[in-house]
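Please consult the sequence and the model while reading.

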Amino acid sequence: MSDERLQTNLLGIAMKTPVLTASGTFGFGEEFKDFVDLSRLGGVMVKGTTLLPRRGNDGVRITETPEGMLNCIGLENPGVEHFLDETLPRIQQYGMNVIVNISGSTAEEYGKLAELLDVPGVAAIELNVSCPNVKEGGIVFGTDPEAASAVVREAKAHTKKPVILKLSPNVTDIVAMARAVEAAGADAVSLINTLLGMEIDIHRFRPVLGNITGGLSGPCVKPVAVRMVWQVAQAVRIPIIGMGGIASAEDAVEFFLAGASAVAVGTANFTDPEITMKICDGLDTYLAEHGFSSIEEIVGKANPGFLGFRNDVQKG
């Protein structure tokens, strides 16, 4: 099947399709090489990366929930030096756009990571701001517009790569967050990150997860994610990467119609390792059946308040 209708250019990155994979659900891409044509993906948002290696949380890290899952992995990863020295050279053979998701405890750490990752082979950087801000007494970057903006400015000051800010849904006003990071210089936003949740073992009388709380993802969060993309698309002019519960081409179409320029598939990769390819095929079929020649034609089409990132507007 030809992907001609699906070709797009996002943030100057040529993509065969607008379907990406969400960080933390697809490893470093190579783990799925037997199931997926990695070069066909718009990009792979690789496993969250930190300055130093992290062993992650103790105890139970994942539990299934109705139509979803809770996880509290704790950003387990080998650290940025290992990624640059070992992982990046190895995964470049697959011809995929590598987007590195980074996390830090201070704005300065994000800046250091951005600088280290300003290298060939990295297409863009995604800022995960759902982490404690140590210098500010435990404030979570992702719930404070000023703190999130500081992270964006620090990252932008240390890299020439496009910077994507991943928005947390655990806020009162997602629009205020999106506007703040756009004003700070973010090149795009991705949303949503996981919702904060927990589960209790009624026989052992204790929380199931070792970390007590975790991130809720999967089909159960899709209505929340679509709503937030819809709202943000009316508030910012930078492109939106929509994610949250996408498990079919029809799910993805909802995000495009709400105002997303690309989508990222997460939890569905665990239940069907070939799901991204099925979504690409389904999107192409949808466009053909509805008489559209490109994915851009449906971006924001169902959202009367869509402000309007368009590739043709960018060129103008």
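A salt bridge is counted here when a side-chain nitrogen of Lys or Arg lies within 4 Å of a carboxyl oxygen of Asp or Glu. The model is predicted.

Q: How far apart are the closest N and O atoms of arginine 61 and glutamate 76?
A: Side chains of opposite charge can pair when their charged atoms come close. Arginine 61 lies in the loop between β4 (43–49) and β5 (62–65), and glutamate 76 in the loop between β6 (68–71) and α1 (80–91), so the pair ties together parts that are 15 residues apart in sequence. Arginine 61 forms a salt bridge with glutamate 76, and the closest N and O atoms are separated by 2.4 Å.

Q: Is arginine 61 buried, partly exposed or exposed?
A: Buried means under 20% relative accessible area and exposed means over 50%, with partly exposed in between. Arginine 61 has a relative accessible area of 22%, so this residue is partly exposed.

Q: Which residue forms a salt bridge with lysine 156?
A: Lysine 156 belongs to helix α3 (residues 145–156), and its partner sits 31 residues away, in the loop between α4 and β12 (188–191). At 30% relative accessibility, lysine 156 counts as partly exposed. The closest N and O atoms of the pair are 2.9 Å apart, and the partner is aspartate 187.

Q: What is the N to O distance in the salt bridge between arginine 55 and aspartate 58?
A: Arginine 55 counts as exposed, because its relative accessibility is 61%. Its side chain meets that of aspartate 58 in a salt bridge, with an N to O distance of 2.8 Å.

Q: How many salt bridges does the count come to?
A: Salt bridges can also join into a network, as those linking Asp3, Arg40 and Asp281 do. By the 4 Å rule, the number of salt bridges comes to 10.

Q: What is the accessible area of the nonpolar patch formed by Met198, Ile200 and Ile212 together?
A: Isoleucine 200 lies in strand β14 (residues 200–201). The relative accessible area of isoleucine 200 is 52%, so the residue is exposed. Together with Met198 and Ile212, Ile200 forms a nonpolar surface patch with an accessible area of about 290 Å².

Q: At what angle do helix α4 and helix α5 pack?
A: Helix α4 (residues 174–183) and helix α5 (residues 222–233) have their axes 9 Å apart, and the helices pack at about 50°. That angle makes α4 oblique to α5. The crossing of α4 past α5 is right-handed, and the packing angle is about 50°.

Notes
Residues are numbered from 1 along each chain as its sequence is written. This is a predicted model: local features need pLDDT of at least 70, side-chain atom pairs count only at pLDDT 80 or more; totals for chains, interfaces and linings use all residues. Side-chain values use heavy atoms; hydrogens and water are left out. Patches are made of residues with over 30% relative accessible area and no salt bridge: like charges are joined within 9 Å, nonpolar side chains (Val, Leu, Ile, Met, Phe, Trp, Tyr) within 5 Å. Accessible areas come from the Shrake-Rupley method with a 1.4 Å probe; for residues, only the protein chains shown count as cover. Helices (H or I, at least four residues) and strands (E, at least two) are DSSP runs, numbered from the N terminus. Buried means under 20% relative accessible area, exposed over 50%, partly exposed in between (1.4 Å probe, protein chains only). Axes are lines fitted to C-alpha atoms, for helices over the stretch in contact, and angles run from 0 to 180 degrees between N-to-C directions. Angles under 35 degrees count as roughly parallel, over 145 as roughly antiparallel, 65 to 115 as roughly perpendicular and the rest as oblique. A crossing is left-handed if the near helix is turned anticlockwise from the far one by less than a right angle, and right-handed if clockwise.
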